[in-house]
Amino acid sequence: MAAGPPSIKEEIEMCIDEELVPGSSGNLGIDLLAEIGLEELNGLEMEIIRRKLLVVTERLCALEDQDATWHFKEVVFFTMMVLVCIANLWLWMRQ
């Protein structure tokens, strides 16, 4: 059998596989969905999109947690620096 053009399902799966690989380029899956529209998707394709959305959501939550932790560390570091400067100023004035 000659290989014809890929079906919509195959195109979506290929785009999702490409996006799951770190360092892949662009928004191919989003562009594809915008091109074909949601009316043409069946249950399997919607499940693939849901899984992709779950992966992206988990990554976003991890980044938000990392950002909150980083912000806390920055605040603690800045506070310690201000306290050290005040202590040095106080010691310098006492001499």
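Is Asp67 buried or exposed, at 52% relative accessibility? Asp67 counts as exposed because its relative accessibility is 52%, where exposed stands for over 50% relative accessible area, buried for under 20% and partly exposed for the range in between (1.4 Å probe, protein chains only).

The legends below describe a predicted model, in which local features need pLDDT of at least 70 and side-chain atom pairs count only at pLDDT 80 or more, while totals for chains, interfaces and linings use all residues. Residues are numbered from 1 along each chain as its sequence is written, and side-chain values use heavy atoms, with hydrogens and water left out.

**View 1. The elements of the protein.** The protein has three helices and zero strands, and from the N terminus on its elements run α-α-α. Helices (H or I, at least four residues) and strands (E, at least two) are DSSP runs, numbered from the N terminus. Of the 95 residues in the protein, 13% are buried.

**View 2. The span of helix H3.** Helix H3 covers residues 43-94, and because its 52 residues at 1.5 Å a residue should span 76 Å, the distance of 76 Å between its end C-alpha atoms agrees. The expected span is 1.5 Å times one less than the number of residues in the helix. Within H3, the buried residues include Glu45, Ile48 and Lys52.

**View 3. Salt bridges around Glu47.** A search of the whole structure finds two salt bridges, a salt bridge being a side-chain nitrogen of Lys or Arg within 4 Å of a carboxyl oxygen of Asp or Glu. Arg50 forms one with Glu47, their closest N and O atoms being 3.3 Å apart, and Glu47 also meets Arg51 in a salt bridge (3.3 Å, N to O), so that Glu47, Arg50 and Arg51 are linked in a network. Arg50 and Glu47 are separated by about one helical turn because they are three residues apart in helix H3, and Glu47 and Arg51, being four residues apart in that helix, are likewise separated by about one helical turn. Glu47 counts as partly exposed at 30% relative accessibility, whereas Arg51, at 56%, counts as exposed.

**View 4. Two surface patches.** Glu64, Asp65, Asp67 and Glu74 form a negative surface patch, and Asp67 has its place in helix H3. A nonpolar surface patch of about 410 Å² is made by Phe72, Val76, Met80 and Leu83. Leu83 is found in helix H3 and counts as partly exposed at 48% relative accessibility. Patches consist of residues with over 30% relative accessible area and no salt bridge, like charges being joined within 9 Å and nonpolar side chains (Val, Leu, Ile, Met, Phe, Trp, Tyr) within 5 Å.

Technical notes:
Accessible areas come from the Shrake-Rupley method with a 1.4 Å probe; for residues, only the protein chains shown count as cover. Lys and Arg count as positive and Asp and Glu as negative; His and the chain ends are not counted. The place of a charge is taken as NZ of Lys, CZ of Arg, CG of Asp or CD of Glu.
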